[in-house]
Amino acid sequence: LYILLAAYNTKRLAKLNITENQAELLLSFVAQFKERIITPHTLAEMSNLAKRILKDEFPIFIQCITPLLYEIKERQIDKDSILKQGKMNMHFGITDTALFLSSDHDLLLTSDFSLFQYCYNLNKEVMHTESIFSKF
């Protein structure tokens, strides 16, 4: 959501406790990657959060970020794969479990410390957004 909201209107970032400078760093970091991936679960959760934050601006937000969303590849993770994760699914929820499963050979960028730590302990390629913000 940070990335999409930053692409829309950096003044709205305060509601997510992120500064304009941090958003610019995040956008620059993500721009380095040829391929960006999202799961339908993440897209749905992002949409619901954005609708709550932006209220009447939501339709404008969706219109603004649509070109960016077309550039992002979608990776479908079926519900049975998520449900088979058992304890992980119960602890992290469906969205984060889908992100975990979708990142087998890709870098997972997250702002969730618990998910970051879990992935890091399993030697997954993972990066927390704070590591981007703290470098500059």
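The legends below describe close-up views of a predicted model. In this predicted model, local features need pLDDT of at least 70, side-chain atom pairs count only at pLDDT 80 or more, and totals for chains, interfaces and linings use all residues. Residues are numbered from 1 along each chain as its sequence is written, and side-chain values use heavy atoms, with hydrogens and water left out.

View 1. At least two lining residues come from each of α1 (2–8), α2 (20–31), β1 (37–38), α3 (40–54), α6 (87–102) and β3 (108–110). Helix α2 gives the most, with 5 residues. Helices (H or I, at least four residues) and strands (E, at least two) are DSSP runs, numbered from the N terminus. The lining divides into 22 nonpolar, 8 polar and 7 charged residues. Here Ala, Val, Leu, Ile, Met, Phe, Trp, Tyr, Cys and Pro count as nonpolar, Asp, Glu, Lys and Arg as charged, and the others, Gly among them, as polar.

**View 2. Asp 96, a buried residue without a salt bridge.** Asp 96 lies in helix α6. Asp 96 is buried (under 20% relative accessible area, whereas exposed means over 50% and partly exposed in between, with a 1.4 Å probe and protein chains only). Asp 96 has no salt bridge (a side-chain nitrogen of Lys or Arg within 4 Å of a carboxyl oxygen of Asp or Glu). The nearest side chain of opposite charge, Lys 124, is 13 Å away; Lys and Arg count as positive and Asp and Glu as negative, while His and the chain ends are not counted. Not counting residues up to four places away in sequence, Asp 96 touches Met 88, Asp 112 and Leu 115 (heavy atoms within 4.5 Å).

**View 3. The salt bridge of Arg 36 and Glu 71.** The whole structure contains 5 salt bridges. In one of them, the side chains of Arg 36 and Glu 71 meet at 3.9 Å, N to O. Arg 36 lies in the loop between α2 and β1 and Glu 71 in helix α4 (residues 58–71), so the pair ties together parts that are 35 residues apart in sequence. Arg 36 is partly exposed at 22% relative accessibility, and Glu 71 is exposed at 51%.

**View 4. The salt bridge of Asp 104 and Lys 124.** The closest N and O atoms of Asp 104 and Lys 124 are 3.5 Å apart. Because Asp 104 lies in the loop between α6 and β3 and Lys 124 in the loop between α7 (113–121) and β4 (126–128), the pair ties together parts that are 20 residues apart in sequence. Asp 104 is exposed, at 54% relative accessibility, whereas Lys 124 is buried, at 15%.

**View 5. Asn 123, a residue with positive phi.** Asn 123 is not a glycine, yet its phi is positive, at about 60°. Asn 123 lies in the loop between α7 and β4 and is exposed, with a relative accessible area of 71%.
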